[in-house]
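These notes are meant for a colleague who is opening this entry for the first time. Please keep the sequence and the model side by side while reading the points below.

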Amino acid sequence: MMKCERCDSDTRVERYDVDGFTGYLCDECRDKWDKIQASE
Ligand SMILES: [Zn+2]
């Protein structure tokens, strides 16, 4: 268990690595980030 770097929730996170950002995010935030990336 770690803290999500984006929403600060104390949950299971995974390393997420995209252009300009590397961090540990929860499923929900990774999903949101993917959508943000896809819309660019
Ligand atoms: Zn999160």
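What share of the contacts in the protein chain with a separation of 6 or more comes from residues 24 or more positions apart? Such residues account for 3% of those contacts, two residues being in contact if their C-beta atoms, placed from the backbone, lie within 7 Å.

1. Basis of the model. This is a predicted model, in which local features need pLDDT of at least 70 and side-chain atom pairs count only at pLDDT 80 or more, while totals for chains, interfaces and linings use all residues. Residues are numbered from 1 along each chain as its sequence is written.

2. Confidence. The protein chain has an average pLDDT of 90, and 100% of its residues score at least 70; pLDDT is the predictor's confidence in each residue, from 0 to 100. Confidence is highest in strand 2 (residues 10-11), at 95, and lowest in helix 1, at a mean of 90.

3. Overall layout. The protein chain contains one helix and four strands, arranged along the sequence as β-β-β-β-α; helices (H or I, at least four residues) and strands (E, at least two) are DSSP runs, numbered from the N terminus. The C-alpha atoms fill a box of roughly 30 × 15 × 10 Å, taken along the principal axes. Of the 40 residues, 10% count as buried, a term that requires 20 or more other C-beta atoms within 10 Å of a residue's own, whereas exposed means 12 or fewer and partly exposed lies in between, with C-beta atoms placed from the backbone.

4. The hairpin. Strand 3 (residues 13-18) and strand 4 run antiparallel and are joined by six bridges, where pairing of two strands requires that DSSP finds at least two bridges between them. The two strands form a hairpin with two residues between them, and G20 in the turn has a positive phi of about 80°. Across this pairing, E14 stands opposite L25, and Y16 stands opposite G23.

5. The surroundings of L25. This residue belongs to strand 4 (residues 21-26), and L25 counts as buried because 22 other C-beta atoms lie within 10 Å. Leaving aside residues up to four places away in sequence, L25 touches C4, E5, R6, V13, E14, Y16, R30 and W33. The C-alpha atoms of L25 and S9, 16 residues apart along the chain, are separated by 9.3 Å.

6. The loop residue D8. In the loop between strand 1 (2-3) and strand 2, D8 deserves a look, as D8 has a positive phi of about 70° although it is not a glycine. D8 is exposed, with 9 other C-beta atoms within 10 Å.

7. Helix 1 (residues 27-38) has 12 residues and reaches 16 Å from its first C-alpha to its last, close to the 16 Å expected at 1.5 Å a residue, the expected span being 1.5 Å times one less than the number of residues. The number of buried residues among the 12 of helix 1 is zero, so helix 1 lies largely in the open. D27 is placed in helix 1 and counts as exposed, with 12 C-beta neighbours inside 10 Å. From D27 to Y16, 11 residues apart in sequence, the C-alpha to C-alpha distance is 10.0 Å.
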